[in-house]
Amino acid sequence: MTSQNTNLSASSSNLQRVIDRLNADRGSLPDYDCEICKNKGFIFMIEDGREVAHRCKCVVTRNNIRNIRNIGIDLDECGFDKYKAKDEWQKNALKMAEDYARTLDGWFYVGGAVGCGKTLLCSSILKSQLHKGISAKYMAWRDEAGRLKASVNNNEEYLHLIEPLKMVGILYIDDFLKTAGVTKGDVNLAFEIINSRYTNKKPTIISCELSINDIISIDEALGSRIYERTKGNYAFIKGGERKNYRMR
Ligand SMILES: [Zn+2]
């Protein structure tokens with residue numbers, strides 16, 4: 001070994017020591033305990049003989065947790081183990097949700113009466129994805145559709161609100177189309193989001209009081225896209241006291 005090589009290997013082992021020390025330091029990022037970056041959000045590596053910092057994948061998880069918490073979903077209160085499936089319809093809906101969470105194949109749609117556990121099933125799917133490094137977002141239809149429709153004449157504001165709904169890795173739309181009366185503006189907005197996610201094949205979870213047939217009868221282009229993507233992942237729970245999940 002020449003002296004130059006010896007110096008190079010000495011400096012690279014010094015650099016490795018620096019990197020090891022940086023990676024061992026603990027950070028203080030909240031919401032999630034990450035063994036990989038020790039809650040700093042970065043991991044350090046040597047690339048081409050130089051120190052390089054890479055963003056840790058837990059940053060996406062932290063954003064996801066914050067997104068969902070901001071909207072008021074308590075992550076401790078949801079999860080498939082919290083869904084008490086007694087009747088056949090509940091068991092089927094739960095199995096469908098668990099299967100979907102594993103594969104994210106197509107979209108997931110659960111329709112039916114208020115209080116039948118739709119939101120619990122859908123938010124449990126979302127929760128199961130938080131640590132997979134995919135960005136996830138929750139959309140409460142009534143609130144966000146109202147904000148979007150109010151900003152339709154302010155292009156910058158409108159794009160700022162709608163782009164994340166189109167582009168996010170997984171979107172959960174809660175109470176889709178829930179409003180005092182579905183207007184042309186609601187349909188246009190729904191179509192813009194749904195069509196973008198349909199075209200880009202982005203996983204989408206929808207809970208809605210309507211059946212997909214109801215949506216098709218409101219707007220065929222909208223309903224048929226949902227129908228096509230949710231094949232096999234479609235549960236519709238008919239109304240009635242017996243199926244009021246919250247009353248049990
Ligand atoms: Zn991390």
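Predicted model: local features only at pLDDT ≥ 70, side-chain atom pairs only at ≥ 80, totals over all residues.

Student: Into which domains is the protein chain divided?

Tutor: Domain bounds come from an automatic or database domain assignment. Here they give domain 1 (3-56) and domain 2 (61-247). The centres of the two, taken over C-alpha atoms, are separated by 40 Å.

Student: What is the order of the strands in the open sheet?

Tutor: Strands of a sheet pair through backbone hydrogen bonds, either parallel or antiparallel. Strands (E, at least two residues) and helices (H or I, at least four) are DSSP runs, numbered from the N terminus, and two strands pair if DSSP finds at least two bridges between them. In this structure five strands follow the order β4-β5-β6-β3-β7, with parallel pairing. The edge strands, β4 and β7 (234-237), each pair on one side only. Five bridges join β4 to β5, and Ala 140 stands opposite Asp 174 in β5. Between β3 (residues 108-112) and β7 there are four bridges, with Gly 112 opposite Ile 237.

Student: Which residues of helix α5 are buried?

Tutor: A residue is buried if 20 or more other C-beta atoms lie within 10 Å of its own, exposed if 12 or fewer, and partly exposed in between, with C-beta atoms placed from the backbone. In α5 (residues 141-150), Trp 141, Glu 144, Ala 145 and Leu 148 are buried. These buried residues fall within an arc of 100 degrees seen down the axis of α5, so they line one face of the helix; the arc is that of the directions from the helix axis to the C-beta atoms. Asp 143, Arg 147 and Ala 150, on the other side of α5, are exposed.

Student: Why does one face come out like that?

Tutor: An α-helix has 3.6 residues a turn, so residues three or four places apart point the same way.

Student: Which residues have the most contacts inside the largest nonpolar core?

Tutor: A nonpolar core is a set of buried Ala, Val, Leu, Ile, Met, Phe, Trp, Tyr and Cys residues joined through C-beta atoms within 7 Å. The largest one here has 44 residues, and Phe 108, Ile 125, Leu 126, Tyr 172 and Ile 206 have the most contacts inside it. Helix α4 (residues 118-129) gives the largest share, five residues.

Methods. Residues numbered from 1 in each chain as written.
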